[in-house]
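Hi everyone, thanks for coming. Today I'd like to walk you through a structure, one part at a time.

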Amino acid sequence: MPEPILTLTGLNAFHGDFQALYGVDLEVNEGEVLAIIGANGAGKTTLLRSIAGLIGNEASQITYRGRPIGNARPDVVAKMGLAMVPEGRQLFPSLSVEENLMIGGRVNRAGPWNLRRVYDLFPILEERKAQASTSLSGGQQQMVAIGRALMANPDLIMFDEISLGLAPVIIRDIYKALPGIVGGGMSAVIVEQDITKALAVSSRVYCLQEGRVSLKGRSDAVSREDIARAYFGVE
Amino acid sequence: MDFVNAVVQGILLGGLYALFAAGLSLIFGVMRLVNIAHGDLIVLAAYLGLTTTVVLGVHPLVALIVVVPVMAGIGYVLQRGVLNHTLGDDILPPLLVTFGLSVIIQNALLEGYSADPQKMDAGVLETASVALGPLSLGLLPLLTFAIAVAVIAALQWTFYRTPLGRAFRATSDNQDIAQLMGLNKRHVFGLAMALALAVTAVAGILLGIRTSFDPSVGGGRLIFGFEAVIIGGLGNLWGTLVGGVILGVAQTVGATINPGWQLLAGHIAFLVILAVRPNGLFPRISG
């Protein structure tokens, strides 16, 4: 059994005054791609924001490489090697494409990813590097957001709804690039509405329903019926 | 000729107003904080300059070597110790706290230095002038304007060409995401305030050489700074320089027409521009 890189133990997280997660137990193993699926409002984004430190929790409810980080600041978590590609890209509008990538590299962690590698992965970004990040298409912005997270050379990268609002052909391109990203031993958590895509790229899957884990299993072993039940809560 | 002279003097005076304004503009740009105590911090810098010149017996411009880092340090500590705790979704707490700070600084200066007007002695620099055709330009106003241009160019370069500037812009754009990039926003804000008060130190010393000052003059400097920022357009540093120049020219031209109109003319120019261009002359594109 590989060692978990990230463990959530009974995570109760709040979105404002509203409790979004109830006692979530989850682990991400070293080098695996874990998918988290669930309907809108199931608590997926709250889960990622909690891990990233944007939502404060009890320290012991989230451990990363054995260290409690539930109440750690987001910049500290980032320096420990967790990076996030946030929902809706959220690039910095007053920074150029290249500056967006460079600020991702600010955490100064050693590793294979640098501007050159990101440009090799997404050549269009090199052509557009001096442009304002807001002038790019949605798909290109998503490439910048992914590149920005990779520049941190994270050990664990979290993708929040990377296909949201993008054309199917763009989504295909981005998913085609994923193995090249996580192939180097990086662990990944993918939050995704598109269940087929999520199952295809992941080794294990968790389904959240109203803030609780309603299903967990190997991505190639869960049945459509199991997922439908876990997703919607119908018997 | 009087009129041309007034315009030229006004442009040079605008440099000083731009220095008053640059720190305000920077702070508002990075953390959306309106610093009501800014004028009093300028006066504090002038007093620190006075003390430095008296104690060390140095020229006021040499005192910058001491006052700039001291003010930067005060800025960092003030931000980390007090102002960071006031920042949030509500814009009222930072206004109230900096207003309180303004009162505290004024009264502390009153305790420490009394209400007597003070002035820094800059020797020949105060009276030296350069003849330019029929005009006679004071060396100090010329130097002030040159320093203002240099300071704004340096701030502009810092903002757009350095990793620190990238951190400022990113944090200003989106604090949450900036933190995901490993930026500690409290530290970034501390550095922004340190930089702003370093500029304030320069403004305070030039003010203290140019005119006499007492603990109560901060409010007026704050107004000039605000007006320059708004005229130029929020978030645009070169616009702030233009705003300072417009304000300075309006004041000196107003004073030429009638000595009692100096301040009034400046405020009217500000109101007219606010009415015609509510976002200022050169608001930052996009945002």
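Predicted model: local features only at pLDDT ≥ 70, side-chain atom pairs only at ≥ 80, totals over all residues.

In chain A, strand E1, residues 4-15, and strand E4, residues 62-64, pair in the antiparallel sense, over three bridges. One pair to find on your screen is A:Leu8, whose bridge partner in E4(A) is A:Ile62.

E1(A) has another partner as well: eight bridges join E1(A) to strand E2 of chain A, residues 18-29, and these two run antiparallel. Within that pairing, A:Leu11 has A:Val24 in E2(A) as its bridge partner, and A:His15 stands opposite A:Phe18. What do E1(A) and E2(A) form together? They form a hairpin, with two residues between the strands. A:Gly16 sits in that turn and has a positive phi of about 70°.

Now put these strands together. They belong to an open sheet of four strands in chain A, in the order E2-E1-E4-E5, with antiparallel pairing. At the edges are E2 and strand E5, residues 67-68, and each of them pairs on one side only. For those new to sheets: strands pair through backbone hydrogen bonds, either parallel or antiparallel.

Next, the helix that goes with this sheet. H1(A) lies across E1, E2 and E4 of chain A, and runs at about 115° to E1(A). Is this helix buried or exposed? Nine of the nine residues of H1(A), residues 44-52, are buried, so the helix is largely enclosed by the rest of the structure. The buried residues include A:Lys44 and A:Arg49, along with A:Leu47, A:Leu48 and A:Ile51.

For an example of parallel pairing, look at strand E3, residues 33-38, and strand E9, residues 204-209, of chain A, which pair over five bridges. There, A:Ile37 stands opposite A:Cys207 in E9(A).

Let's step back to chain A as a whole. Chain A has nine helices and 10 strands. How does its radius of gyration fit with a compact globule? With 235 residues, such a globule would have a radius near 18 Å, and chain A has 17 Å, which agrees. Along its principal axes, the C-alpha trace spans about 50 × 40 × 35 Å. Of the 235 residues, 48% count as buried.

Now for the neighbour. How many residues of chain A are in contact with chain B? There are 22, and they meet 15 residues of chain B. Helix H2, residues 74-79, and helix H3, residues 97-104, of chain A each supply at least two residues of the side that touches chain B. That side of chain A divides into 13 nonpolar, four polar and five charged residues.

On to chain B itself. Helix H6 of chain B, residues 163-173, has buried residues, among them B:Arg166, B:Phe168 and B:Arg169. What covers the buried residues of H6(B) includes H3 of chain A, together with helices H1, H5, H7 and H8 of chain B.

Last stop, the core. The largest nonpolar core has 162 residues, and those with the most contacts inside it are B:Leu19, B:Ala192 and B:Val202. H8(B) gives the most to this core, with 18 residues. If you click on B:Leu19, you can find B:Ala148, B:Val151 and B:Val199 among the residues it touches. As a general point, nonpolar side chains in soluble globular proteins tend to be buried together.

That's my tour, and I'm happy to take questions.

Notes
Residues numbered from 1 in each chain as written. Chains lettered and ligands numbered in written order. Buried ≥ 20, exposed ≤ 12 C-beta atoms within 10 Å, placed from the backbone. Rg over C-alpha atoms; globule rule 2.2 N^0.38 Å. Contact = placed C-beta atoms within 7 Å. Nonpolar A, V, L, I, M, F, W, Y, C, P; charged D, E, K, R; others polar. Pairing = 2+ DSSP bridges. Core = buried A, V, L, I, M, F, W, Y, C linked by C-beta atoms within 7 Å. Axes fitted to C-alpha atoms, helices over the stretch in contact; angles between N-to-C directions. Lists of a residue's contacts leave out its neighbours within four places in sequence.
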